[in-house]
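Hello,

Here is the structure I promised to pass on. Please open it first, then read my notes below.

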Amino acid sequence: MKNIFKFAIILVFVFALSSIYVTASHDPSDINACFCKPGLWFDFGPGPKDCKGANVCASGYTPLYDCPFAVLEPGINECISGTCACNGCSNLEGEQCHSGCCAPLQCSSGHCCLVGKVWGGDSCEFPQECAQNTWQNTGNSCGNCGTQQRFCDSLGQWTNSYQCANEGICSTGSSEFDGGCGACGTYRRDCDSACQWSNWYCSGEGSCYPGQTQSQACGNGGTQTRTCTSSCGWGSWGSCTGEGACSPGQTQSCGSCGTQTCQSNSQWGSCTGQGVCEPGQTDSSGCRACKARTCLNNCQWGPCSSSGSCTTGETQCVNDRYQTCPSCTWTNSGTNADNDAKDLQCGDSLCDNAANVYDSTKTATETSATCKDSLDNDCDGKTDCVDSDCSGVAGCCTTISRECKLLQEYQFRDLFRRCYSEGNEAECERIRDRINNNNYYACPYNPSDSSCCTNPNSCVVNGVCYEDRASITLPGDTFRLKCVARSPGQWVPEFEIDCANGIDDDLDGSTDCSDQDCDGTLNGYVKNQNNQPILLADINIKKDLTTVKTATTNQLGDYSASISCGTYNLVASHPDYAPQTKTNVVVLGRQQVEANFSLVLGTSCEADCTYAADNLVHASCDGKNGCTFYDDIAKNACDLSQPGWIRDYNASHYVVCASGSPKLKVEIKAVVSCSSGTLVKMVRIVVYNGKPVRLVVATCG
Amino acid sequence: MKKPNYKIDEIVLVFIVVVIVMIVSIFEQNASKTIEAEKITFLLLDDHKLSIANNGEVNANKLKEVQNMGYEELKNSLNVKNDFCIYIEDENGNIILSKGSTKLNDDGFVCRE
């Protein structure tokens, strides 16, 4: 029962709610009480439409048809007997308007058209807005000076398609730049109001080009320069150079009261209007002697007036002093060598002013007491030791006369022979004159030629003192002289006068034949048995067994040798001839001796390749009398060596002259030591086998 | 027994004297050798029966005579006490001839009899 009751209550409640709802939908003032959902009507034809159950109507109402816009407007759609139906107006587009058109249709030209459309004759159409299929300007601008256009479709209706037509190529106010130009400028073009580019032009240029200079005048005709900087701006002006000395038109005083004007070149013009002198300047040239004039302030000379104390050429004695007037002024010009305050020109008669005139202050001769007082006490013109009065006084000189050695006549004749052999005609002439005049002094005799020499052992000639061994030649004299300083000294000829007196006459350290002055001459010829001259024969001049000199014959077979006077043995040798010897040949001083040889065929060569007359190996003896050399190299190496000598064959071998074969050089260095004690070495240079070597003696102990 | 009372100065003096004697002795020994070396050089180069040179030039025959002599014979002839060695060397220091005591020999090449 309860359930039923509950069910009942529920039913009641549902019913109540349904009732409330239906009541509300049925209200004729509420056109939405019944409606159809748009789009659910399939059958769009006239007549009642069935909502096919999709719509909900209030109880008692039946949905009819679809209202195209699903809007039921009061008075137009209403429910009639539960069916929703139109109220008689046309409700289809294009239908004729009989009883009006249902909203939202409206009548156009007798046909129902949707609001906004018009009857086009065949159908409702929207009215044409624009030219079909064309772009039409909208009147708005766009882009770069372009015109906005809107597309009109084929129905003449505006579309939402826009385009910007007739645009320019740039945006007004924009600029483009490209590369540098001009003075630090840049190429530029601007977009004008028509959105078109202007022509390129150079913009942003500086005022000058870098490095460009500009000058301007400055100062007194000077010039100053400024230079364009790297940023194309002018630098500051430089200093003003080349200025002239003045400003054009400027004037100044110049020279001697003159005036000069500055020229257009800013240089002072010439000085004009000058006077003849400088103010204050004095001059005597324009005046007579010892007068002068002064330049006035107007630069003109004033009158001449007297100047100085005397007239040139005047002389006078004032207080025993002699004065002259060399330049308009009195000047002491006298001679007062004895300082007695009285000049010679003013009557002084002292000996210093007049030789050999004595006064009370002088003595007759110099004495030992006055030989050192630096005065000419006896007025003879000679002071102290120079005066012969002082000769011999301690510390003074000694008077020495020229002394020439007196020679003998035969000595002069010897000398004549020598000069004759030497062909010295001038000397021979002088010697002959001496002999003819019996004048055998070594130098021109002149006892008045003297001098006071500090060294009493001196020689004097022409008033000059010479020390021991001094050597002179008197012009025009016969001999060159040497001073042999004894007491007094004596001049002797500078050569060995006598070659057999046992005296070193010329004091050169060599006596008689040892002195080259006494050299004689050996000459002669070498011929064969047919009296034909022998070329290249050797002449060995020996003293005892030692060869002291050699000579060789020429093409005429002659030889000559200058040699000290003495006694010699001569040997003539030639490889093709037997040697010949002449013994005890005497050569006198400064004399010629002739020694001739006549050789016979044979040979002078010995088996050891030496000549019989000497001990020298001769390459020319090769193959003669048993002489052989190892080869030509050895022969050349040994030529003029001695038997047994060692000579270099080459860099690594040596030969023993003359016939030895090359042997390897063995080089061993000397090494000596002393195990106990001290090693002492003595070294001497000696000649061994013709070469300098060291002889070493070492001791130890 | 009283100990000798030496002063320091006396000891130093004795020491100095001993040192001087030693130095003099050494110098005398060296001087002796120098004199002997000079003597040998003089005898070999100047006028003497053993002289091997005349006016600074070596005489090959005399040199051969000396070479043929024994060392002791040469030493006695020269009348010297210290051992010696004589040799000739060229400008390059190479030995040409030598004669002397083996006591001065260092490598077996120089100054052998």
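**What I found**

Chain A is built from four helices and 42 strands. Please keep in mind that this is a predicted model. Of its 701 residues, 27% count as buried in chain A. Take the contacts in chain A with a separation of 6 or more: residues 24 or more positions apart account for 33% of them.

**A helix pair in chain A**

Start with helix H2 (residues 409-422) and helix H3 (residues 425-436) of chain A. Their axes come within 9 Å and cross at roughly 160°. An angle over 145 degrees counts as roughly antiparallel, and H2(A) and H3(A) are therefore roughly antiparallel to each other. Their crossing is left-handed.

Which residues make the contact? H2(A) brings Glu409(A), Phe412(A), Arg413(A), Leu415(A), Phe416(A), Cys419(A) and Tyr420(A). H3(A) brings Glu427(A), Cys428(A), Ile431(A), Arg432(A), Arg434(A) and Ile435(A). By class, the residues of this contact are eight nonpolar and five charged, with no polar ones.

Next, look at the open sheet of three strands in chain A. Its order is E27-E28-E29, and the pairing is antiparallel. Strand E27 (471-473) and strand E29 (490-493) of chain A stand at the edges. Each has a single partner strand, so one side of each is left without a neighbour in the sheet. Neighbouring strands here are turned by 40° against each other on average, direction ignored.

Strand E28 (residues 480-484) of chain A runs antiparallel to E29(A), and four bridges join them. Val484(A) stands opposite Gln490(A) of E29(A).

**Where chain B meets chain A**

Now the interface. On the chain B side, 37 residues are in contact with 27 residues of chain A. Four elements of chain B each supply at least two residues of that side: helix H1 (8-45), strand E2 (57-58), strand E3 (83-89) and strand E4 (95-100). H1(B) gives the most, with eleven residues. The side of chain B that touches chain A has 18 nonpolar, eight polar and eleven charged residues.

Strands also pair across the two chains. Strand E42 (residues 691-700) of chain A and E3(B) run antiparallel, joined by seven bridges. For one of the partners, go to Leu695(A): its bridge partner in E3(B) is Ile88(B).

Best wishes

Notes: Residues numbered from 1 in each chain as written. Chains lettered and ligands numbered in written order. Predicted model: local features only at pLDDT ≥ 70, side-chain atom pairs only at ≥ 80, totals over all residues. Contact = placed C-beta atoms within 7 Å. Nonpolar A, V, L, I, M, F, W, Y, C, P; charged D, E, K, R; others polar. Pairing = 2+ DSSP bridges. Axes fitted to C-alpha atoms, helices over the stretch in contact; angles between N-to-C directions. Buried ≥ 20, exposed ≤ 12 C-beta atoms within 10 Å, placed from the backbone. Parallel < 35°, antiparallel > 145°, perpendicular 65-115°, else oblique. Left-handed = near helix turned anticlockwise from the far one by under 90°.
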